[in-house]
Number of protein chains: 2
Amino acid sequence: MYDTIIIGGGPAASSAAIYAARKQLKALIIAQEFGGQSVVSNDIDNWIGDIRISGFELAQKFEKHVKAQSDLEIKEGTRVTEITQVETEHHFPVYQVTTDAGDSFQTKSLILGMGAHRRKLGVPGEHEFNAKGVAYCATCDAPFFGGMKVAVVGGGNAGLESAWDLLAYADEVYLFNRSGELKGDPGAAKRIQAHEKFKGVLYNTVVTEILGDKMMTGVTYKNTETGEESQMELQGLFIEIGSLPNSDMVKDLVDLNDRGEVVIDHKHSKTSAPGIFAAGDITDEAYKQNNISAGDAVKAALSAYEYVSTLHD
Amino acid sequence: MYDTIIIGGGPAASSAAIYAARKQLKALIIAQEFGGQSVVSNDIDNWIGDIRISGFELAQKFEKHVKAQSDLEIKEGTRVTEITQVETEHHFPVYQVTTDAGDSFQTKSLILGMGAHRRKLGVPGEHEFNAKGVAYCATCDAPFFGGMKVAVVGGGNAGLESAWDLLAYADEVYLFNRSGELKGDPGAAKRIQAHEKFKGVLYNTVVTEILGDKMMTGVTYKNTETGEESQMELQGLFIEIGSLPNSDMVKDLVDLNDRGEVVIDHKHSKTSAPGIFAAGDITDEAYKQNNISAGDAVKAALSAYEYVSTLHD
C-alpha cells in the first residue's frame, strides 16, 4: 500500500513527486513521459529563474530532479488505464491504479497531474488531412511549411505563438479568429501584425471544412456575423483552439466543472474526494502556466502528507 | 501612472514582475534586494528543476530573469515606506507608493510580495546578547560556533535545518521544543537524532531567559508540564520559531488574518481591495515554499493584467 501515487510527468506531477519523496512518503510516480505539454516548445521565456529554456531542456530538468529522489518509485513509459476506489477493511478510502502493463497498485492518496491535451476543430477533413497539411504544433511542424501559404485557427496565446513560429518559414500567414478580438497578449499580436508576411486576421470567422485531395489544398470558412461562406487556398492549417483536461478516468471519483476540469480548493489543491489531490492543467486553475502547476503541486504534496499523517487503520 | 507596482525581491515579487513585463504592463518593481528569505540558505534541494542550488545562486537567477525584461522599471536597494490610496479624478482606486529615497509613484494596481521576517523569542537577554551568542540564521552563523555547546529553539523545519547546520561545526547540539512533538520533517528529525553530536530534544520546554556577561553563557528554561525551571550552560542559541509577515504597511488597505497575513483568494491571488494582489510569505498561503510563492505570483500578475484591462478613466 502506497502513501501516495502521483500520475503524470509534467511540472505538476514532477513537483508533487519531489515533495512527496522529501516528506518520506512511500510514493510512486507513474509517468508516460516527463515534461508536460510544453515539452514541444522551442523557447520558454517564462519558467521563473531561467531566462530562456527549451521545452525539452525543461523536461530534462524535471526528470533529473525526480530521479534524484532516492526513495521514490518511478514507473516510466507506462499509461494509467483505470483508477477506482476499492473495498478494504481500512477505515479510510483506498484507491487502486491500474496500468497498461497490467499492474495494479493500492494507495492511501492520489495526486492527479495528468494535464490536458489539444482540442480538435471537429470539421470534415480534419482527420483526413491530419499531418497532410493539418497540424497542431507549430513548434514541431512549422519548418515543413517553408515558402507556403498557411493559416492558424485561434487567436489566444497559443494561436499567436504558432503564427509567430510560422512567419519564420511560411510565405503568407493568416489567422482565423472566432470572435471580434484577439484573446492573446497584445504585445504578441502587435508583433505579428507588423510582420510583412502576415496577411491578416479574419475576425468572427470559423473554419467549416478542410478541403484537399491527397494533401490539404484549402479551407471553407464562414463569417459568423454575415453567414457568408468563402474558400481560401491553403497548404497548411494549424489548429490552436485550446486544450481539454485528461480527467475522463476520474470523472466518477471527483467533481469536475463544465469544462471537465477537476475542481480544487486552490489553497490546498484538494479535490472533492478525501485523499485525492490535483494540480496543473487537469484542474480548474485559471491560467495554465508551468510555474502555477509546480506551485499548486507543492501544495498538493504537502496536503497529501498532512492527510496521510492523520489516517489510522 | 503605472499599471502595476510590484513590491519585494523574493520569488513572489520576481515572478510577478517577469509576468507583468511579458504582459506589457507599465510596471515598476521596488526591491530592497533580490532572493527573499532563502537567500541565506546554503543548499536548497526543492526549487523545482534544480537538484541543488544555493540561496545566493537562486537570488541571482531571479535577479537576472527580472533584469532581462527590457520594458520593466526597477528600483533596487530602495525601501517602501508608505502605501496609501489617494484621491484622484479617476473612477478607479489609485494607490501611491513612497520610498525611503523620497520618491512617490502612483499606480492602478499593486502586487504585494514583501515576504516575512523572523520571529523573536521576546525574553530577557535576547536583545542584549544578539550576535553575542544569540543568532537567527544558522546558515550564516554556524561556522562561528566551532567546538561549542549550542542549542536551537524550535522544532519545525527551520529549527531542524539549523540543528543540522550546527552539527557540522559545534561539539554539542540541543533542541528546545515548545510542544510534545517535533513539527518538522520526520526524515530530517531522524537524521539529526542519529548524529553523535546531537544531545537531545527537550520537549514541552520554553526558554525563559538568556544569561551572560559580555557574551551569552547560558539559558534558563522551563518545562511547561511540570513548571520546573532549570539552567543550561550554552555558548550559542539559534532562534528558529517562525516568521512574521511584512504586512504592517498595508494593514489599513487590505484584510489581514489573526497572524497578520494578507488574506488572498488562492485561485487569483486577489486581496480584499480592488487592484491589490499578493503572493508569497506575506499572504495566508498554507506552506511558505519558494515554488508556491512563484506560482501564486504568476496568478497575481495575470489577475492584475486582467484587472487593469477592465479600467476606464
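**Exercise 1. State how much area chain A and chain B bury between them, and which residues lead on chain A.**

Solution. Chain A and chain B bury about 3800 Å² between them, with 58% of it on carbon and sulfur atoms. Buried area is the accessible area (1.4 Å probe) that two parts lose on being put together, summed over both. Next, take the residues. The contact (heavy atoms within 4.5 Å) draws 41 residues from chain A and 42 residues from chain B. On chain A, 19% of the area buried against chain B comes from A:Ile48, A:His65 and A:Tyr287, more than from any other three residues.

This is a predicted model: local features need pLDDT of at least 70, side-chain atom pairs count only at pLDDT 80 or more, and totals for chains, interfaces and linings use all residues. Residues are numbered from 1 along each chain as written, chains are lettered from A in the order written, and side-chain values use heavy atoms, without hydrogens and water.

**Exercise 2. Count the salt bridges across the interface of chain A and chain B and over all chains.**

Solution. Start with the rule: a side-chain nitrogen of Lys or Arg within 4 Å of a carboxyl oxygen of Asp or Glu. Across the interface of chain A and chain B it finds eight. Over all chains the count is 28. B:Asp50 and A:Lys61 form a salt bridge at 3.5 Å, N to O. Within chain A, A:Glu261 pairs with A:Lys288 at 3.2 Å, N to O. A:Glu261 sits in the loop between β17 (243-245) and β18 (276-278), and A:Lys288 in the loop between β18 and α6 (290-310), so the pair ties together parts 27 residues apart in sequence. Helices (H or I, at least four residues) and strands (E, at least two) are DSSP runs, numbered from the N terminus.

**Exercise 3. Describe the packing of α4(A) against α5(A).**

Solution. First, the geometry. The axes of α4 (residues 157-167) and α5 (residues 186-193) of chain A come within 10 Å and cross at roughly 30 degrees. α4(A) and α5(A) are therefore roughly parallel (angles under 35 degrees) to each other. Next, the residues. α4(A) contributes A:Leu160, A:Ala163, A:Trp164 and A:Leu167; α5(A) contributes A:Ala188, A:Ala189, A:Arg191 and A:Ile192. By class, seven are nonpolar, none polar and one charged.

**Exercise 4. Give the angle and axis separation for α1(B) and α6(B).**

Solution. Helix α1 (residues 11-22) and helix α6 (residues 290-309) of chain B pack at about 35 degrees, their axes 7 Å apart. Then classify the contact: ten nonpolar, three polar and no charged residues.

Definitions and conventions. Axes are lines fitted to C-alpha atoms, for helices over the stretch in contact, and angles run from 0 to 180 degrees between N-to-C directions. Angles under 35 degrees count as roughly parallel, over 145 as roughly antiparallel, 65 to 115 as roughly perpendicular and the rest as oblique. Ala, Val, Leu, Ile, Met, Phe, Trp, Tyr, Cys and Pro count as nonpolar, Asp, Glu, Lys and Arg as charged, and the others, Gly among them, as polar.
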